[in-house]
Amino acid sequence: MVAAAVHASVDSSRIRSVEGIGFASAREGPTLEATVDLVAEAVGNLPEPPACPIVSEHGEFYEEPAARIGLSFQPDFKYVESIGERETVQAAHHAAYAARRLLL
């Protein structure tokens, strides 16, 4: 598995700037615990820790409630709420897919 964390400044409808990208990879199978650990590692590999919430699609964590997943992340965690956040998640997906291709 490969994860990418994108630290970006967004407004309600677009990405304003990208501050950094962190990557992590693991050979473990896709379980909830392995996915949480992988994403936490990718966030930890950002050039500068974000002061803003960590945002993800609901399906990335097997439809678990945000309150449960949020226990593993700092500062905060939430699921996508705006178009700008969705664009940031899509940028992270593209970065992770590209990194995965490089690793294969």
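Pro-75 sits in the loop between H2 and strand S4 (77-79). Helices (H or I, at least four residues) and strands (E, at least two) are DSSP runs, numbered from the N terminus. The peptide bond from Gln-74 to Pro-75 is cis, with omega near 5°.

This is a predicted model, in which local features need pLDDT of at least 70 and side-chain atom pairs count only at pLDDT 80 or more, while totals for chains, interfaces and linings use all residues. Residues are numbered from 1 along each chain as its sequence is written, and side-chain values use heavy atoms, with hydrogens and water left out.

Next come two backbone exceptions. Most residues other than glycine have a negative phi, and most peptide bonds are trans. Tyr-62 is not a glycine, yet has a positive phi of about 55°. Glu-63 also is not a glycine, and its phi is positive at about 65°. Tyr-62 lies in the loop between S3 and H2. Glu-63 lies in the loop between S3 and H2 as well. Accessibility is classed as buried (under 20% relative accessible area), exposed (over 50%) or partly exposed (in between), with a 1.4 Å probe and protein chains only. Tyr-62 has a relative accessible area of 40%, so it is partly exposed. Glu-63 counts as exposed because its relative accessibility is 53%.

Now turn to His-93. This residue is in helix H3. His-93 counts as buried because its relative accessibility is 16%. Not counting residues up to four places away in sequence, His-93 touches Glu-57 and Glu-60. Contact here means heavy atoms within 4.5 Å. The side chain of His-93 makes a polar contact of 3.2 Å with the side chain of Glu-57. Another polar contact, of 3.5 Å, joins the side chains of His-93 and Glu-60. A polar contact is a pair of N or O atoms within 3.5 Å; within protein, one must be able to donate a hydrogen and the other to accept it, and residues adjacent in sequence count only if both atoms are side-chain atoms.

Helix H1 is next. H1 has 13 residues and reaches 18 Å from its first C-alpha to its last. That is close to the 18 Å expected at 1.5 Å a residue, where the expected span is 1.5 Å times one less than the number of residues. Its buried residues are Ala-34, Thr-35, Val-36, Leu-38, Ala-42 and Val-43. Their cover includes S1, strand S2 (15-25), S3 and helix H2 (66-70).

The pockets come last. A pocket is an open set of points on a 1 Å grid over the protein atoms alone, where a 1.4 Å probe fits, with protein on both sides within 12 Å along at least five of seven lines; lining residues have an atom within 4 Å of a point. Grid points are joined across faces, edges and corners, and a volume is the space filled by probe spheres set on the points.

The largest pocket has a volume of about 830 Å³. Its lining has 34 residues, and Ala-4, Ala-5, Val-55, Ser-56 and Ala-92 lie nearest the centre. Strand S1 (2-10), helix H1 (32-44), strand S3 (54-56) and helix H3 (83-103) each give two or more residues to this lining. The largest share, nine residues, comes from S1. By class, the lining divides into 23 nonpolar, six polar and five charged residues. Ala, Val, Leu, Ile, Met, Phe, Trp, Tyr, Cys and Pro count as nonpolar, Asp, Glu, Lys and Arg as charged, and the others, Gly among them, as polar.

The second largest pocket holds about 210 Å³ of space. Met-1, Val-2, Ser-25, Ala-26, Arg-27, Arg-100, Leu-103 and Leu-104 line this second pocket.
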